[in-house]
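This report looks at a predicted model.

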Amino acid sequence: MTPRAEPPKGALDRALEILEVLTMRGKATTTELVEAVGVSRSAVYRLVERLETAEYLTQADGHWRLGPAAARMAMAAGRNMDVLTVAPPMLRDLAERTGETVSLGVLSGDEIVFVFREIGHQAVHVRSELGARRPLHATSVGKAFLAGLAPDRCEETVAHLAMEAYTKATETDRDRLRDAVGEARRRGWSEEHGEFDAGSTCFGAPVFDQSGTVTAAISIAGPTHRMDAAREPFGPLVAETAAAISRRLGHSDWATPHPA
């Protein structure tokens with residue numbers, strides 16, 4: 001069988017190679033990048049100029065180094081990887097205790113993306129597929145993340161949300177959303193009652209890293225009839241779990257990082 005020929009490398013592949021070289025070496029001259037990537041000097045110049053404009057590279061003393069955009073990306077990846085290492089055992093325990101669906105989400109643009117999910121033992125459960133995206137204004141996990149943001153960042157975010165209505169219960173008024181986020185910040189957890197899925201009720205709480213920055217949010221979700229009838233205080237439970245994850249990440253004062 002004839003091996004499949006690899007497609008020719010394009011500009012994106014070469015740019016990624018440049019970033020990889022600088023990740024490994026720390027710094028490199030243009031000549032060194034030409035040798036490492038194996039393309040012409042003019043091609044390397046075009047690539048590094050684009051990367052510099054986007055702040056992925058910076059130049060000083062004749063050497064290229066990774067720039068602030070690359071640093072921000074690395075820090076964000078590191079925070080999320082830390083959460084994914086620490087959180088799963090505690091989220092599995094919460095799902096086992098309650099029998100409900102427990103999820104972990106991180107911010108992606110103006111949405112939350114689920115990066116971990118544990119389904120409880122209940123026969124009927126709320127589904128939240130890995131990689132699924134959820135709006136900030138209409139979900140407990142989204143409102144929990146907003147509550148964890150510094151007030152000025154929260155206000156900036158709320159001000160430009162689309163505020164789309166998903167059910168009859170979806171809150172589309174920004175002032176009322178601000179009130180709900182403020183209440184979540186004061187008590188330690190957020191609530192969603194049929195705002196994204198008409199038949200479900202959810203509770204969420206923010207997770208903070210060592211610096212006090214919100215890095216993720218968790219939620220517990222189930223059919224409304226069962227959540228309303230349950231004896232378990234789901235809000236305090238999800239807040240307690242988020243606090244435990246935050247402490248494992250080095251955060252010591254999760255409850256009121258940004259006073260309302």
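## Salt bridges

The predicted model holds 13 salt bridges. One of them joins Arg-226 to Glu-100, with an N to O distance of 2.8 Å; because Arg-226 lies in helix α8 (residues 224-229) and Glu-100 in the loop between α4 and β3, the pair ties together parts that are 126 residues apart in sequence. Both partners fall under the 20% cut-off for burial, Arg-226 being buried at 16% relative accessibility and Glu-100 being buried at 2%.

Asp-93 forms a salt bridge with Arg-97, the closest N and O atoms lying 4.0 Å apart, and since these residues are four apart in helix α4 (residues 68-98), about one helical turn separates them. Asp-93 is partly exposed at 40% relative accessibility, and Arg-97 is likewise partly exposed at 40%. A further salt bridge links Glu-191 and Arg-187 at 3.9 Å, N to O, and these two residues belong to a network of salt bridges that includes Glu-183 and Arg-186.

## Strand β3 and its partners

Six of the eight residues of strand β3 (residues 101-108) are buried, so the strand is largely enclosed by the rest of the structure. β3 pairs in the antiparallel sense with strand β8 (residues 214-223) over five bridges, and Ser-103 has Ser-219 of β8 as its bridge partner.

Seven bridges join β3, again antiparallel, to strand β4 (residues 111-118), where Phe-114 stands opposite Gly-105. In the hairpin of β3 and β4, two residues lie between the strands, and Gly-109 takes a positive phi near 65 degrees.

## Helix α5

Nine of the nine residues of helix α5 (residues 140-148) are buried, so this helix is largely enclosed by the rest of the structure; among the buried residues are Lys-143 and Phe-145.

Note on methods: Residues numbered from 1 in each chain as written. Predicted model: local features only at pLDDT ≥ 70, side-chain atom pairs only at ≥ 80, totals over all residues. Heavy atoms only, no water. Buried < 20%, exposed > 50% of the residue type's maximum accessible area, 1.4 Å probe, protein only. Pairing = 2+ DSSP bridges. Salt bridge = Lys/Arg side-chain N within 4 Å of Asp/Glu carboxyl O.
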